[in-house]
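Trainee: Please take one part of this model and go through it closely. I would like to see how the chains meet and what lies inside.

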Amino acid sequence: MVAFLFLPAFVFSQDYGDAFIEASIADARTLVPILASDSASSSVTGLIFNGLVKYDKDINLVGDLAESWEIEEEGLVIVFHLRKNVLWQDGHRFSAEDVEFTYRKLIDPNVRTPYSGDFERVKSLEILDDFTVKVTYKEPFSPGLSSWGMPIIPKHIFKNEDLNKTQYARKPVGTGPYKFKVWKTQEKIELESYRDYFEKRPYIDRVVYRVIPDEATIFLELQTQGIDSSGLSPLQFSRQTETPFFKQYYRKFRLPGFNYTYMGYNLGNPKFRDKRVRQALNYAVDKDEIIKMVLLGYGQTATGSYVPQSWAFNQQVKPVAFDKEKAKSLLAEAGWVDTDNDGWLDKDGMLFEFTLLTNQGNEERAKVSQIIQRRLKEIGIRVKIKIVEWSVFLTEFIDKRNFEAILLGWSVPREPDNFDIWHSSKTKEGEFNFIGYKNEEVDRLLIEARRSFDQDFRKTCYQRIHQILYDEQPYMFLFVSESLSALHNRFRGIKPAAIGIGYNFIEWWVPKQEQKYRIAK
Amino acid sequence: MVSYIFRRLLGIIPLLLGITIISFAIIHLAPGKPTAVEQTMNPRVSPEVRLRLEKLYGLDKPLPAQYMNWLARLVKFDFGRSFTDDRLVLQKISERIPLTLTINILSLIFIFLIGIPLGVKSAIKQGSLFDNITTVFVFLLFAAPTFWLALLFMQLFCIRLGWLPISGITSLDYEYFSWWQKIPDLARHLFLPVLVSSIGGLAGISRYMRSSMLEALHQPYIYTARAKGLPEASVIYKHGLRNAILPIVTIVGLSIPGLLGGSVIFESIFALPGIGRLFFEAVMSRDYPLIMAEIVLGGVLTMIGNLVADIAYAYVDPRIKYKSS
């Protein structure tokens, strides 16, 4: 009876306390967010800092440190109205000065930031008053708005510091929901909740990132509840976690991923110059088979450079069905037939063979390349597979265009502008259109889309690009893999959405009686 | 003796110079760039930015100039700053040393405590059932991959039995513990790493000890000792063992550079922040200052280890004298 009376209280009030323990494969490098380019650093700074804007659960840009903004002078000017109630974690008031300071550091040639590109398009940044900032661009640049998701760093802390060498890289002060507590190199980074966070005090008191470099160990740690959350491989998701233990203690999540894997052709290579050849290869490789064998079904066929949950994705583009005959006839049209009956296609005395290059340390890609190799063999194309260490892969093969075909993946940013990957001006050494793609309509659409802030207009541009790319097949788009994870089931308040589950972390909570880590002084 | 040591120490300098020139050349000529690792495949990072980063790292200068710069700083014991996080290289290395040293010393002690008696016993009872079983057993352990053994032990001790923690060196709330809670906590975390890292070495030492003991036991002076009626224990331990232990002393000396070495696989599995992982990650991210510092460290320790082995040799074996001619 007593228990019954207390029950509603447990159900409807959200308790503070407990800790969230997460495993990280690598240690963070720096907690100065504008210098951090590795995912470990970014996920820690993501809880400590805020940008002016952020993406909400439906992948729309909303205000973060900025309350609102206006686009003026036909997209040349963005005026940000900042929140007035924000305090840095050391008690200092956040103001427009901090935004200006962050911008100055981003474009300072002596600061080792990899992110200066987007900010070099800014002509000027003026402080209109303490909480209003006017950003003027050299020309209208709509992806610029999302670039203000860049974390804002405190001027009063950094003004006399050399950002490259600052001690605050290891004890940051931000505006975010969590503040820095301890960093033990290669062991753990611990954060504690910032009670005066401008949105609200987070329910979970502590967040700990434990560095565990080995994936097998991470999985064993899950089995002893040593960590609360971890990504899972398809095999772990489908079989190894189908145990009574996991069902009792963990919830599993399947979420759409922001990535795609592709086979890219060097379009300077005569074999791949003919669009029919690339289309034929697309018919000859069974994507469903790859998804079934390599991802155990946790993925879907990619049809372009955008992921299905993005507004830029074109639903009209349907993946072609696996069809060997169609592939053969397209190849024959392009002049590739087996004239000497040796089982391999040839044209003008040249055998159809190429080397498929991919990077070491990615089991998934090694398997995919083997499946492609076998499928192409069936239509008479000989594929050699070459696997190279990452840094060498980039500097010796990608940057120098020294490849025939590559198997790689892109992670897809929330902002759909992919000018750098598809525009024909981006083919110099070190740039990202390394396959040498050139299409005048795509070039034009990419420029028009980035000059407009009208989302409907941009949508038509990107959807058209999506369609052209699938037709022209500069990449063989393979698959979008799902992000699979397990989370300890004592956490409540999780609401999976298009963007993932972490977006409402400050709303997560654990009922008092289930809290596991209690001492936090 | 003193002047001998002094000459040997002087000899280290040109040797070290040679080592650094060769390794500097190799790591810089090897394909891949420090700026290519995390950042290149990010379309938000433009190639101009990468060139600028290379300039900030001083990688745009010719190689000999880079080497001379590095050497000039080395003379002042300045190893520079790491490319990956801009911390002092010396600081990055020194914070890894206590853990690596602890594990390596503990496992070295463990190896010698078990390996030497095992080897001696096998030699005395050569061809016996005990000898055969230990032979098979230590070779099995030697052949088993460390990572596999580690995972098996974790499965048994940590998951099935729940006695030990899986990874890390301390519990999450270690900072709030009092010292009597800290010591058992550390011991529980270090038990498996020390065990696993000793297993490979055990085979080596017990085999060395066995063959060296066998050799000693077949020397004429052993027959003499037996012939003059000494008790068997005295024959074996006083005359046999003392001579047989000499090669082991060399091994101890040669283990010195290993004390600050570590294994990537094993440190990764137990999530230990040791030297091995530091070096591995430095190589993977082409963190030149850190790689060079570790090479210098390894080089110096190896040479000191050799020197110590030679000196210890002279000390335990009165027949060996180093003349300072």
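Mentor: Start with a rule: two residues are in contact if their C-beta atoms, placed from the backbone, lie within 7 Å. The model is predicted, and local features need pLDDT of at least 70, side-chain atom pairs count only at pLDDT 80 or more, and totals for chains, interfaces and linings use all residues. Residues are numbered from 1 along each chain as its sequence is written, while chains are lettered from A and ligands numbered from 1 in the order in which they are written.

Now the contact. Chain A puts in 45 residues and chain B 40 residues. On the chain B side, helices H2 (47-56), H7 (146-160) and H12 (264-269) each give two or more residues. Helices (H or I, at least four residues) and strands (E, at least two) are DSSP runs, numbered from the N terminus. H2(B) gives the most, with six residues.

Next, the inside. A residue is buried if 20 or more other C-beta atoms lie within 10 Å of its own, exposed if 12 or fewer, and partly exposed in between. A nonpolar core is a set of buried Ala, Val, Leu, Ile, Met, Phe, Trp, Tyr and Cys residues joined through C-beta atoms within 7 Å. The largest one has 162 residues, and Tyr260(A), Met263(A) and Leu478(A) touch the most other members. Helix H8 (residues 179-217) of chain B gives it the most, ten residues. Met263(A) touches residues including Leu356(A), Ile372(A) and Leu478(A).

Last, helix H11 (residues 275-284) of chain A. Eight of its ten residues are buried, among them Val277(A), Arg278(A) and Tyr283(A). Their cover includes strands E13 (259-265) and E20 (475-481) of chain A.

Methods:
Lists of a residue's contacts leave out its neighbours within four places in sequence.
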